[in-house]
Amino acid sequence: MCGIVGYVGQRSALDVVMGGLRRLEYRGYDSGGVALVVDGTIHSAKKAGKLLNLDAELAENPLPVAHTGIGHTRWATHGAPNDVNAHPHLDETGRVAVVHNGIIENFAVLRTELERAGHDLLSETDTEVVAHLLHDELARTPDLSDAVRAVCRRLEGAFTLVICDAEQPDVVVGARRNSPLVVGRGDGENFLGSDVAAFIEHTRDAVELGQDQVVTITPDAIVVTDFFGAPAETTEYHVDWDVSAAEKGGYEWFMLKEMDEQPQAVADTLLGRHSPGGQLQLDEMRLSDDELREVDRIVIIACGTASYAGLVAKYAIEHWTRIPCEVELASEFRYRDPILDKSTLVVAISQSGETMDTLMAIRYARQQRARVLSICNTNGSTIPRESDAVIYTHAGPEVAVASTKGFLSQVVACYLLALYLAQVKGTKYGDEIDDILAEIAAVPAGIQRLLDEGDQVRKLASDLSGARSILFLGRHVGYPVALEGALKLKELAYIHAEGFAAGELKHGPIALVEEGLPVFVVVPPKGRDQLQEKTVSSIQEIRARGARTIVLAEDGDDDVIPYADHLIRLPKVPTLLQPLVATVPLQIFATEFAHQLGHDVDQPRNLAKSVTVE
Ligand code: M6R
């Protein structure tokens with residue numbers, strides 16, 4: 001949701017800023033812009049559309065060489081995605097340039113005040129008010145950092161701001177409330193970015209910023225204060241991946257690369273969690289075993305794909321620990337006055353660690369005295385920082401907007417949490433936990449097989465690329481897989497796709513089935529619960545009504561053969577682990593389907609990778 005970059009140093013600021021924006025483009029791609037400070041003047045360029053348009057603009061109208069600059073890639077909130085609303089926004093004298101991520105909730109009041117005072121605002125954005133407020137503030141307070149602090153005290157809502165000033169050429173100032181901003185520490189140069197990808201090419205040393213802080217970077221210093229100027233404590237960390245992880249590495253799209261990284265992501269998420277003595281250890285678990293033993297209810301909150309990982313977790317947690325568990329969309333959670341207390345464990349799942357709906361939900365949960373554990377892929381991000389405990393998924397950076405390895409590693413982290421709780425609560429013996437961990441550890445080979453067999457799924461996607469509606473059915477943990485398969489297709493192919501619990505079909509959705517409608521069905525492994533048999537019956541019911549059935553069933557399940565128009569074989573895994581394999585062909589299908597339609601696989605329309613507005 002908007003990517004922001006700031007730079008001061010000796011290099012070409014334009015090169016650094018544009019390089020950073022390219023790595024952040026996944027956050028938003030409605031428009032892009034840069035501002036550079038040269039000889040007491042701000043030079044800026046901005047353009048609607050992807051960064052390619054800004055590149056073309058810069059080629060046609062080059063900017064002078066500069067060593068201080070800021071940049072922005074936008075996901076529009078206030079105002080259409082056009083050139084005028086693109087960031088940076090300047091004050092009327094052109095002294096300051098501002099880029100912003102978030103929503104300034106009191107911008108209408110501030111805008112009216114500014115207009116009454118004679119300011120002429122050009123755009124429809126909430127951001128532009130900041131440039132004009134800074135103009136007025138700098139008339140009273142010549143130091144940019146002081147002026148930014150004074151303006152921040154007047155703003156409500158969520159904002160990351162990065163600002164440069166024509167009159168202070170070696171300074172870039174950033175501020176953050178509720179939206180992400182990290183500092184990159186260089187040698188004779190410093191960086192600001194919405195995430196470390198912005199500067200990973202230049203440094204892996206980063207500084208976390210806390211809530212309501214202002215950071216001033218010069219080539220040789222990083223100074224962090226609160227909004228009132230008091231020095232603030234910061235945390236430094238070293239990023240454990242390098243620039244190659246943030247690049248396509250020969251793949252056409254990040255999404256293909258990230259799908260291929262799934263066996264590794266699953267293995268890495270398991271790595272180091274199980275001691276030779278058989279005890280499961282979660283290093284980032286800052287809740288004591290006694291505190292965990294008090295937990296009598298678990299509430300999982302998350303959005304989108306992460307919420308489907310949460311649905312899988314519910315089955316595992318209740319089965320292995322017997323602790324009641326519910327799953328709720330983060331955006332709905334705090335508005336229903338949920339009943340929470342200190343024996344409730346709230347589990348927040350977020351790949352980015354910055355999703356605003358999830359962040360607001362955990363803040364609410366903590367106010368209600370619930371304990372919060374987050375499952376997150378982004379070290380140093382806000383959600384884990386504000387949690388009582390965190391389990392990091394070690395998937396590496398996920399750049400494609402549609403989540404793939406993020407999802408599988410979240411599911412693995414959920415299993416780890418469930419097993420850890422089972423260990424602490426004594427609902428599973430050590431050897432049972434060992435057995436399950438060994439089964440999870442064997443899954444990457446199965447994922448690899450499905451990736452290797454991807455051509456048959458790609459062929460299917462090409463055959464079906466004329467379809468305008470596709471359904472996905474599953475039962476038990478296959479239900480969240482169906483939801484995930486449908487979401488991937490909606491995101492990438494922009495067609496109607498819906499996931500249903502197969503048993504629910506007869507209560508309404510079966511009316512959608514008509515001649516030739518493609519329907520994917522995830523068949524559970526055979527077991528004592530008869531779910532496999534019931535799912536096979538559902539396949540027969542839809543096929544009798546003309547559906548074209550695409551059946552995902554484990555090796556050796558021959559019951560499905562007569563009813564499958566197309567059969568995708570899954571490696572044998574225990575029922576609870578099936579999402580780790582069954583999701584993979586659905587990812588491949590969505591990717592190829594979108595490709596056949598000529599869509600941008602990594603950057604689907606209207607979306608952004610990390611949704612930092614409510
Ligand atoms: O970063 P998060 O895991 O909190 O993001 C949550 C959702 O926005 C995200 O999973 C979204 O649904 C993906 N684009 C799905 O592919």
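Arg95 and Glu167 form a salt bridge (a side-chain nitrogen of Lys or Arg within 4 Å of a carboxyl oxygen of Asp or Glu), with their closest N and O atoms 3.6 Å apart. Arg95 lies in the loop between strand S5 (89–90) and strand S6 (96–104), and Glu167 in the loop between strand S7 (157–165) and strand S8 (168–177), so the pair ties together parts that are 72 residues apart in sequence. Helices (H or I, at least four residues) and strands (E, at least two) are DSSP runs, numbered from the N terminus. Arg95 counts as buried at 16% relative accessibility, whereas Glu167, at 55%, counts as exposed; buried means under 20% relative accessible area, exposed over 50%, and partly exposed in between (1.4 Å probe, protein chains only).

## Basis of the model

This is a predicted model, in which local features need pLDDT of at least 70 and side-chain atom pairs count only at pLDDT 80 or more, while totals for chains, interfaces and linings use all residues. Residues are numbered from 1 along each chain as its sequence is written, and side-chain values use heavy atoms, with hydrogens and water left out.

## Other salt bridges

The count comes to 38 salt bridges. One of them joins the side chains of Lys50 and Asp600 at 2.3 Å, N to O; Lys50 lies in the loop between strand S3 (41–48) and helix H2 (51–60) and Asp600 in the segment after helix H18 (578–596), so this pair ties together parts that are 550 residues apart in sequence.

The side chains of Lys459 and Asp463 also meet in a salt bridge, at 2.9 Å from N to O, and these residues, 4 apart in helix H15 (residues 454–463), are separated by about one helical turn.
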